[in-house]
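Subject: Structure for your files

Hello,

Here is the structure I said I would send. Please open it alongside this message, as the notes refer to it throughout.

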Amino acid sequence: MGEFPPDKRLALRAATPDDLEDIATVAQEGFPDDPEFDYRFPYRQEFPEDNRKWIVQEYREYLEQPDKYAVIIVTASDNDNKAVALSVWDISISKPHQGSDLGVPDDPNQQARRRDVNASHFRKFKQQMCEEFDAYFGKYGDDQIHLWLLATRPGFRRRGAGTRLCRWGLERASERSLYTTVLASPMGRNLYEELSFIDCGSFMIQVDGEAEKLEIWAMTHDKDKQPEKRFGLLLRLLELVPFLGPK
């Protein structure tokens, strides 16, 4: 299967603070079809203003930490050269994240300050993602680049934006002889496998006493393996597979 010709309307670049509102739009439109988003933010349709407010805050924090996070976007000329796809890569694992609680205090005795969230699910997701990251990937330390977030606006999927974002991370890792790691959602697992990521195991996120649960897969791409030169259709389909990170 051959590759699609590149879409000349698309361009990849690092995001700036001026892109914040457009990035928030990508996140707000691009993540809701992922089960992780439903698990944490089941009331976003009832309270879209809260959802938007805290998405803006989350990406502001990423943009304010350029030594830790690379926020890479794809823009489209038929979208006024604004962002249509995003990725967030942790490029300095040992540097601690500096940020707020995003409206959900870690203390369960404190009330959440946002109405779009299931606070118990949010806390459990945040806690376990951090614990499982350490369990699966802590041994790599700064010898890795980690993909936390990847999404494309629905109206701009199947045009190669996801391909470009994945190429950026895999090529950066290959150049620096780093592992590439990801905690993959159910939607993303098979596609990452096709990109030669190795399945290291999975874990369930589940609040005690609840039936609802979410399975996540820990996956790595070997630092000595060159990124595939022919991603073809499978990487194009990555645009349909948003992944939400640790928050």
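Overall fold

Please keep in mind that this is a predicted model. The protein contains 7 helices and 7 strands. Read from the N terminus, their order is β-α-α-α-β-β-α-β-α-β-α-β-β-α. The chain has 247 residues, and 55% of them count as buried. If you take the contacts between residues at least 6 apart in sequence, 77% of them join residues at least 24 apart.

In soluble globular proteins, nonpolar side chains tend to be buried together. Here the largest nonpolar core is made up of 44 residues, and Tyr59, Leu86 and Leu183 have the most contacts inside it. Apart from that core lies another one, of 26 residues, which includes Ala85, Leu147, Val182 and Met219.

What does leucine 86 touch, once residues up to four places away in sequence are left out? Its partners are Ile23, Val26, Ala27, Phe31, Tyr59, Ile72, Ile73, Leu149, Leu150, Ala151 and Leu165.

Isoleucine 55 sits in helix H3, which covers residues 48-63. Its relative accessible area is 6%, so isoleucine 55 is buried. Beyond the residues up to four places away in sequence, isoleucine 55 touches Ala24, Ala27, Gln28 and Phe37. The C-alpha atom of isoleucine 55 is 8.9 Å from that of threonine 25, and the two residues are 30 apart along the chain.

Helix H4

Helix H4 takes in residues 119-137, 19 residues in total. From first C-alpha to last it reaches 26 Å, close to the 27 Å expected at 1.5 Å a residue. Its buried residues are Ala119, His121, Phe122, Arg123, Phe125, Gln128, Met129, Glu132, Phe133 and Phe137. For the spacing in that list, recall that an α-helix has 3.6 residues a turn, so residues three or four places apart point the same way. The cover over the buried residues of H4 includes helix H2 (35-40) and the strands S4 (144-152), S5 (179-184), S6 (198-205) and S7 (214-221).

One of the buried residues of H4 is arginine 123. Is arginine 123 buried or exposed by its relative accessible area? The value is 15%, and buried means under 20%, so arginine 123 counts as buried. Leaving aside neighbours within four places in sequence, arginine 123 is in contact with Val104, Pro105, Asp106, Asp107, Pro108 and Gln110. Between arginine 123 and proline 105, 18 residues apart along the chain, the C-alpha separation is 8.2 Å.

Helix H5

Among the buried ones are Leu165, Cys166, Arg167, Trp168, Gly169 and Leu170. After H5 comes serine 177, which has a positive phi, near 55°.

Cavities

Rolling a probe the size of a water molecule over the atoms shows where empty space is left. A search of the whole structure finds 3 cavities of 30 Å³ or more. The volume of the second largest cavity is about 50 Å³. Which residues line the second largest cavity? They are Trp89, Leu147, Cys166, Leu170, Thr180, Tyr192, Leu195 and Phe197. By type, this lining has 7 nonpolar residues, 1 polar residue and no charged ones. Two residues of the lining, Cys166 and Leu170, are also buried residues of H5.

Two loop residues

Asparagine 79 is in the loop between strand S2 (69-76) and strand S3 (82-90). With a relative accessible area of 15%, asparagine 79 is buried. Not counting residues up to four places away in sequence, asparagine 79 touches Val84, Arg153 and Phe156.

Glycine 155 is in the loop between S4 and helix H5 (161-175). Is glycine 155 buried or exposed? Its relative accessibility is 66%, so glycine 155 counts as exposed. Glycine 155 and glutamate 29 are 126 residues apart along the chain, and their C-alpha atoms are separated by 9.4 Å.

Regards

How values were computed. Residues are numbered from 1 along each chain as its sequence is written. This is a predicted model: local features need pLDDT of at least 70, side-chain atom pairs count only at pLDDT 80 or more; totals for chains, interfaces and linings use all residues. Side-chain values use heavy atoms; hydrogens and water are left out. On a 1 Å grid over the protein atoms alone, a cavity is a set of points where a 1.4 Å probe fits but cannot get out, and a pocket is an open set with protein on both sides within 12 Å along at least five of seven lines; lining residues have an atom within 4 Å of a point. Grid points are joined across faces, edges and corners, and a volume is the space filled by probe spheres set on the points. Ala, Val, Leu, Ile, Met, Phe, Trp, Tyr, Cys and Pro count as nonpolar, Asp, Glu, Lys and Arg as charged, and the others, Gly among them, as polar. A nonpolar core is a set of buried Ala, Val, Leu, Ile, Met, Phe, Trp, Tyr and Cys residues joined through side-chain atoms within 4.5 Å. Buried means under 20% relative accessible area, exposed over 50%, partly exposed in between (1.4 Å probe, protein chains only). Contact means heavy atoms within 4.5 Å. Helices (H or I, at least four residues) and strands (E, at least two) are DSSP runs, numbered from the N terminus. The expected span of a helix is 1.5 Å times one less than its number of residues.
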